[in-house]
Amino acid sequence: MVEISTSILTVQKGREAEVFFALEKAKTDYFHIDVMDGKFVEKDTYKDMIEYSSYIKRISNLPLDIHLMVEDVETGIEVFSAVEPNIITFHLEACKNKEEVMKNIQLIKEKGARVGISIKPQTNIEEIHEFLPYIHMCLIMTVEPGKGGQTLITDMLAKISTLKEYIDKHNIEIDIEVDGGINLKTAPRVKKAGANILVAGTAILIASDYKTIIDELKEE
Ligand code: DX5
Ligand code: ZN
């Protein structure tokens, strides 16, 4: 059964309590926290995501799935480990070299969280191979990172299945998370390609009943 990680990026200020409680009640598998620094991507959501994730931590025991879209990964790990997330994901493209990637992996593990690495649409899947034995999840961006409400880039389906084939062939136990443009139309296609954690923001937050849409996105 796939898991759903609800992105709270587009939750309006002032409505966060109502939405977070409703998502907690709808039993989203994770809260997906989109941290943007205004440098790695244009938007800056740092302050809001610190506030939102601390609030969620207070009202819910459901796991936090932190997605760092930041240049300074180390600081992001330090700041967001304060909310004891289940997983912290950083971007391969934010690291200058292999040593930096390995340092970030080590730091996340020292903070007691699972490790995810994310790659942007134009990054080849082969670039992540050498890190797979050390991490728990690969986050394949199915849109250009930086904002919600975009359309899934269908070329990414082949990338998902290529990764799935690779991890199966090499017996690597790892989650494949996909992020961006996931809805009732695209969910079956990314699941078929091999994704087992689906991030969805818009598709869930525009729905009148969160539980129904979350269950439908999970449907086999
Ligand atoms: C984009 C974020 C995604 C986005 C998903 O940079 O990483 O998590 O918020 O939003 P939807 O589901 O609306 O595409
Ligand atoms: Zn995200």
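Predicted model: local features only at pLDDT ≥ 70, side-chain atom pairs only at ≥ 80, totals over all residues.
Residues count from 1 along each chain as its sequence is written, and chains are lettered from A and ligands numbered from 1 in the order in which they are written. Local features need pLDDT of at least 70, side-chain atom pairs count only at pLDDT 80 or more, totals for chains, interfaces and linings use all residues, and side-chain values use heavy atoms, with hydrogens and water left out.

**Exercise 1.** Find which residues are closest to ligand 1.

Step 1. Apply the cut-off: a residue is near a molecule if one of its heavy atoms lies within 4 Å of it.
Step 2. Read the shell: 20 residues surround ligand 1. The closest are D34, G146, D179, G201 and T202.
Step 3. Sort the shell by class: 7 nonpolar, 10 polar and 3 charged. Gly counts as polar; Asp, Glu, Lys and Arg count as charged.

**Exercise 2.** List polar contacts (N or O pairs within 3.5 Å) of ligand 1 with D34, G146 and G149.

Step 1. Take the side chain of D34: one of its N or O atoms is 2.8 Å from an oxygen atom of ligand 1.
Step 2. Turn to the backbone. A polar atom of G146 is 2.7 Å from a ligand 1 oxygen. For G149, a backbone N or O atom gives 2.9 Å.
Step 3. Check the cover: the protein covers 98% of the 380 Å² of accessible area (Shrake-Rupley, 1.4 Å probe) that ligand 1 has on its own.

**Exercise 3.** Say which strand gives the largest share of the shell around ligand 1.

Step 1. Strands are DSSP E runs of at least two residues, numbered from the N terminus.
Step 2. Strand 2 (30–36), strand 3 (64–69) and strand 8 (197–200) each give two or more residues.
Step 3. Strand 2 gives the largest share, 3 residues.

Methods:
Polar contact = N/O pair within 3.5 Å; in protein donor to acceptor, adjacent residues only side chain to side chain. Helix = DSSP H or I, 4+ residues; strand = E, 2+ residues; numbered from the N terminus.
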